Amino acid sequence: MSVQYDRYAQAALRSPDSALPDAGAAAPVYRDADGGHLAATWRESVDGAKPYPRVHISRDVTLTMSDGVKLRATVVRPANRLGQPSRGRFPGVLNINPYNRAVIDGIDHLLHSPGIGRATRAASGTMTYEHGPLTGISRLTRTFNRGLWDVFGINRNLVQSGYVQVLVDVRGTGASHGKWEILGEREQRDSVEIIEWMARQNWCDGAVGMAGWSYSAINSLQAAGHRPDALKAIFAVEGSGDVVRDIYITGGMPSSFIPVWMSLVNLAKWLPNPATVLIDTLRGDQIRWLMDRVKSPATELPSLLWGFLTARDDRIFDDPYFEVRAPKIADIDAATFTVGGWHDLFGRSATRIYSQLNMAPGRKQTLIANGYHLDPGCDHGGEHEPPRLDVLERAWFDKWLKDIPNGVETYGPVTMEQQGGDWSCGPQFPRPEVRTQRLFLTQDATDTAPHARHDGALATSPSTRRRSLRTSPDLRGMMSRDMSQVLAGIPIVFGRNFTDDARFQEHGALSFTSEPVTAPTQISGAMNLRLNVSTNAHEGIWAVTVNDVAPDGTSTVLTNGALTASNRALDTERSGYTEEGVLIDAVHYLSRERRLAVPADEPVRIDVDLVATDAVLAPGHRLRVDVYAASLPRYLTIVPDLIKARGRRQHLVLDPNKPSYLSFLSDGDLGADPVPAATQLHPIRG
């Protein structure tokens, strides 16, 4: 296991009074993810009778920050049968997001209006298709019945159980004044000041939690890193600890998601909240709001476009702009529950956040599904599946905000949906039973990928002769799992080419496939793909997937990664190596200063880091590496790099003296054991 992964293992060890086995045990024990009888009591607390029959909603709350900017908020309090707010003191739960509280109000009305709400939840609950043309839309619609939208928006069940919920428009969005700073330093200060304001209110008992999905999960992690005294727990669904490498400039390439997402938020910030627009106009607040919007009509979009066209904006690279926005995960002391997805926009952060938290497992927990950004929770609530997200959130806050001994700290701490397998709760990630292995890319045909540009092998020894394999970019990535990932999962409604069958995309791939496994073979953790590549231009663009190939030929993407040749310099201090000295978790600088020259027609070695994953190959299945010259629109290329690479002919050079190989962690005999550390090839530095 790697130096970094040893930290995973150490962090996963439970306290002496834990019911979980020691992570170092020879035979790790995995438990049912449904939570057993404890989870049944958590579910009953959400679905059963509530101590408060109604909620009182105040949508016209103004919070004035220390710099004078006014933020607008909704406060939801427990209420009696007449709708009058309780005079009691309760823990507070905070949600801060940029998507306009008017949208959240619309979702609340959809899910809780008499007749409509019940019908919506019931209808979404019937969408249980796991095969066929309705599979994708079924996954997306089931979220309305599995608690996701309660975590994201107004959670009436939570409030009726004795909490006060506060929902705030991020500055510069929704009805809040000021300029949107996109997770910047001032915005983080706002989060801390809101928490402090909540703790002072006569309806708050002094304990505050934060909850959210996506953006609001990120600012929950940011706020927790500042350690405000009142913040005791967070429940973060699909947040990010490193937006640069997750989605912003993965491998040095911008993502099409960012301009689409920024455009939507910038459009939404121009929509006045109909619940307060009249009173805001009478008070003069609407004029102030409008003036702020005019000053920044399309926040960050012009600079993003300029950087894409010219590479002269620092935000096209890893820059101090992003350092300010990165959550200080290691500084968090609030109890933290994170939810992620193997194919989420922020899939790279799904396991890293858990590993970086400096607290005992149980107080920190992670749950990772085989899903995308828009379908978390869709596979919860069934037999052998985790409890619904709203049930887990409630249990988490009951424990850490109310000190109710409900046993949630004994759940997990690492709950995973294994690709190709089932859900389980275990002691750590990666699984303790795996060891470092290696497979080499060779030119030998396997007859398993006749549709690919090249049908090669993954073998336990390198090629015996030198061969150069040419590849070129195409547009087949627009019908692939890469496409589904970058568009947050929406394309999964269009069928298997976008989810679990990559054969269409593989027509443009250099494919390398292993022998079939003879027993269930687990792959768990990060992977690194060392490639020896060349181009006749001065830039090379490489995209990679690692797939599970079934006996019928179906090729399912397990993980992906990408890198431009000029960004191949490794940050060796942040990269992870196994105890044998094998690079397993490559971290590249991605900065302007650390870019390296790409000599024409001269092979260079690159290390493509792949998103950490957890999968099992069934007997008869094979492992495959697909190498592409592009995967649009998941990975875009800035115009200056396109000019450098114009008319390029890219080659993967299979050379016995400079082999290309996949390093990974597995419990089977799929690959060869790595050579001793002393004989490892030196990492690329810059």
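Helices and strands are named here as DSSP runs numbered from the N terminus, helices having at least four residues and strands at least two. The structure shown in every view is a predicted model.

**Figure 1. The largest cavity and the elements that line it.** At least two lining residues come from each of α10 (243–248), α16 (347–356), β19 (555–564) and β22 (604–617). The largest share, 3 residues, is supplied by β19. The space in this largest cavity amounts to about 160 Å³, and its lining consists of 21 residues. Nearest the centre of the cavity lie R245, T250, R348, D609 and V611. Sorted by class, the lining of the largest cavity comprises 8 nonpolar, 7 polar and 6 charged residues. Across the whole structure, the search returns 14 cavities of 30 Å³ or more.

Figure 2. Of the 10 residues of α16, 9 are buried, so the helix is largely enclosed by the rest of the structure. The buried residues of α16 are G347, R348, S349, A350, T351, R352, I353, Y354 and S355. R348 is also one of the residues nearest the centre of the largest cavity.

**Figure 3. The largest pocket.** About 1000 Å³ of space is found in the largest pocket. Its lining is made up of 37 residues, and E130, H131, R139, N370 and D500 are the closest to its centre. Two or more lining residues are given by each of α5, β18 (541–549), β19 and β22. The element that gives the most is α5, with 3 residues. By class, the lining of the largest pocket holds 10 nonpolar, 15 polar and 12 charged residues. Both β19 and β22 also contribute at least two residues each to the lining of the largest cavity.

**Figure 4. A nonpolar surface patch formed by Y129, L134 and I137.** Together, Y129, L134 and I137 present about 260 Å² of accessible area as a nonpolar patch on the surface. Y129 counts as partly exposed because its relative accessibility is 40%, a value between the 20% and 50% cut-offs.

Figure 5. The bond from G412 to P413 is cis, and its omega is near 5°. P413 is placed in the loop between α17 (389–402) and β11 (414–417). F429 and P430 are likewise joined by a cis peptide bond, with omega about -5°. P430 is found in the loop between β12 (423–426) and β13 (435–442).

Figure 6. E300, a residue other than glycine, has a positive phi near 70°. Its place is in the loop between α13 (285–295) and α14 (301–310). E300 is buried, as its relative accessible area is 15%. D403 is not a glycine either, yet its phi is positive at about 60°. D403 sits in the loop between α17 and β11, the loop that also holds P413. With 60% relative accessibility, D403 counts as exposed.

**Figure 7. The salt bridge between R156 and D108.** Side chains of opposite charge can pair when their charged atoms come close. The side chains of R156 and D108 meet in a salt bridge at 2.7 Å, N to O. The pair links distant parts of the chain, R156 being in helix α7 (residues 156–160) and D108 in helix α3 (residues 101–112), 48 residues apart. R156 counts as partly exposed at 22% relative accessibility, whereas D108 counts as buried at 2%.

**Figure 8. The salt bridge between D673 and R435.** The closest N and O atoms of D673 and R435 are 3.3 Å apart in this salt bridge. D673 lies in the segment after β25 (661–666) and R435 in strand β13, so the pair ties together parts that are 238 residues apart in sequence. D673 counts as exposed at 52% relative accessibility, and R435 is partly exposed with a relative accessible area of 30%.

Figure 9. E539 and R595 meet through their side chains in a salt bridge of 3.3 Å, N to O. The two residues link distant parts of the chain, with E539 in the loop between β17 (521–535) and β18 and R595 in the loop between β21 (583–585) and β22, 56 residues apart. Both E539 and R595 are buried. The search of the whole structure finds 46 salt bridges.

Key:
Residues are numbered from 1 along each chain as its sequence is written. This is a predicted model: local features need pLDDT of at least 70, side-chain atom pairs count only at pLDDT 80 or more; totals for chains, interfaces and linings use all residues. Side-chain values use heavy atoms; hydrogens and water are left out. On a 1 Å grid over the protein atoms alone, a cavity is a set of points where a 1.4 Å probe fits but cannot get out, and a pocket is an open set with protein on both sides within 12 Å along at least five of seven lines; lining residues have an atom within 4 Å of a point. Grid points are joined across faces, edges and corners, and a volume is the space filled by probe spheres set on the points. Ala, Val, Leu, Ile, Met, Phe, Trp, Tyr, Cys and Pro count as nonpolar, Asp, Glu, Lys and Arg as charged, and the others, Gly among them, as polar. Patches are made of residues with over 30% relative accessible area and no salt bridge: like charges are joined within 9 Å, nonpolar side chains (Val, Leu, Ile, Met, Phe, Trp, Tyr) within 5 Å. Accessible areas come from the Shrake-Rupley method with a 1.4 Å probe; for residues, only the protein chains shown count as cover. A salt bridge is a side-chain nitrogen of Lys or Arg within 4 Å of a carboxyl oxygen of Asp or Glu. Buried means under 20% relative accessible area, exposed over 50%, partly exposed in between (1.4 Å probe, protein chains only).
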